[in-house]
Amino acid sequence: MDSFKRTNLQNIKDIFEKRTGVDLDRGKSFQPFKMAVIAAAVILCCLSATAFTFSLFSSLSGDDLGISAVYEGNGVVSVWVENRSDKDLHFQSALKLMQWSTSEEIAPIAEKNVSFSGTHIPAHSSGTMTIDLSEAYDIAMLETPLAGNDWYFFVLTNNHFAFGQDWMCTVDFAEPSVIPTEYPTPITPAEADAKLIEEIMEELRPYFESYTTDPAERNKSSAEYLALCQKLLAQVDGTIVPSVSPMELTVIDSGQNPVFDSSVPMDMQLQLTGLHRRTTDGYDKKIGSSDMEQALALSAYIPQRKGDIDGGVDVPLIYVFTYEKSRITAPQDYAFIRGQLATFEQMEPYKIYEDEQYVCYDASHLFYSDLRQYVESMVSQKNDVYFDEQVWDRVQNIYSYYKENLGTLLGHRDS
């Protein structure tokens, strides 16, 4: 062990002077023996204080409690406490009254003390502590309803609000004011893009002109639609090639670091996007003629609350359809996408990838003709999204980047 140094002695003197108010440097100098005695006294004092602190009920030593409050009216609050510890709990007659949204303490309007009773809760028992605020606080102000996402809470203590020896307890002085949620009126596919709906086979248009949030109705409508597709396509003079969705063909990591939203950390930019294999579009409408046909959809995530940077509502932006090359025998063969027939000759300008086995097309133009109008239509279907110009810029950046680069980013998982 290191020898007792002069700096150690000075530290002990400083502690002793602070706790006792005695100036050890005033008057006659002390002999080393006397100083050692004083040092021992100071150390004993510090250890005693520490032992006293840890003998009190404290969450730092594993003591636990349950606590809840009920406002009885006229400034009186009943606080139910369950002491789950081996130690008795003695609350001090002190509290802080805080407001959650501001994190600020509510100042009393008078210097009168808050009245406490029932502050002793024995070990392994429960009891009710009564707090009377009526003489110290503006009760009429406290009883004014707060907004639905705000509330008051007490901070209670048994040792001057020391860390591990203070506890929060929410208290409602009035029912929170509830602002009725205004749900947006959903924009149907036909309303969002009437011109594009006209390109759909006439018999199939009613399916895209309707919109429902009821899963049972949606499933029934989709089943009727697919049955009608099979009937109509059987009458087509020509070969209709179904799309495929090979799991080995996907978007691969290019090592690039695109910036979609400068307010989001660089290592989270790609988390603003999603990649999914979908049998339906953003309106939950079938994209092919059977449940087997899927598109590889590149999406943007719209935040649910302002400032959210992860998760959110998925809005598909780019739809990639993949076909086996061996199944396409002539340019006049057809692809059937979202109620429309298009020859592969017509699809040629939208081809973005080709290898020995597969050919891929960006068919987003068959889903919407105006990106902003389409995204706002998607947002209107939800009541839990946040959309402003910054989010719109993010969506545009995601769309532009993948529209330009998706063809080079497609590849096989093992390549």
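In the predicted model, T280 is in contact with K285, K286 and I287, leaving aside residues up to four places away in sequence. T280 belongs to the loop that connects β12 (273-278) with β13 (295-302). Its relative accessibility is 16%, and T280 therefore counts as buried, the cut-off for that class being under 20%.

Strand β4 (residues 95-99) is joined to β5 by two bridges, and the two strands run antiparallel.

L97 is placed opposite F154 of β9. Of the five residues of β4, four are buried, so this strand is largely enclosed by the rest of the structure.

The other open sheet also has four strands, arranged in the order β1-β2-β8-β6 with antiparallel pairing. Its edge strands are β1 (65-73) and β6 (115-117), each of which pairs on one side only. From one strand to the next, the twist averages 20 degrees. Three bridges link β6 with β8 (residues 125-132), and these strands run antiparallel. S117 is found opposite T130, a residue of β8.

Helix α7 (residues 215-233) comprises 19 residues. The distance from its first C-alpha to its last is 27 Å, close to the 27 Å expected at 1.5 Å a residue. Six positions of the helix are listed as buried, namely S222, Y225, L226, C229, L232 and L233. These residues cover an arc of only 130 degrees around the axis, and they therefore lie on the same side of α7. An α-helix has 3.6 residues a turn, so residues three or four places apart point the same way. The other side of α7 carries the exposed residues A216, K220 and K231. The cover over the buried residues of α7 includes α6 (205-209), together with β15 (334-337) and β16 (340-343).

Cysteines were considered next. The structure contains zero disulfides. C229, one of the buried residues of α7, has a relative accessibility of 0% and so counts as buried. C169 is assigned to the buried class because its relative accessibility is 3%.

Key:
Residues numbered from 1 in each chain as written. Predicted model: local features only at pLDDT ≥ 70, side-chain atom pairs only at ≥ 80, totals over all residues. Heavy atoms only, no water. Pairing = 2+ DSSP bridges. Axes fitted to C-alpha atoms, helices over the stretch in contact; angles between N-to-C directions. Disulfide = S-S within 2.5 Å. Buried < 20%, exposed > 50% of the residue type's maximum accessible area, 1.4 Å probe, protein only. Expected span 1.5 Å × (residues − 1). Arc of directions from axis to C-beta. Contact = heavy atoms within 4.5 Å.
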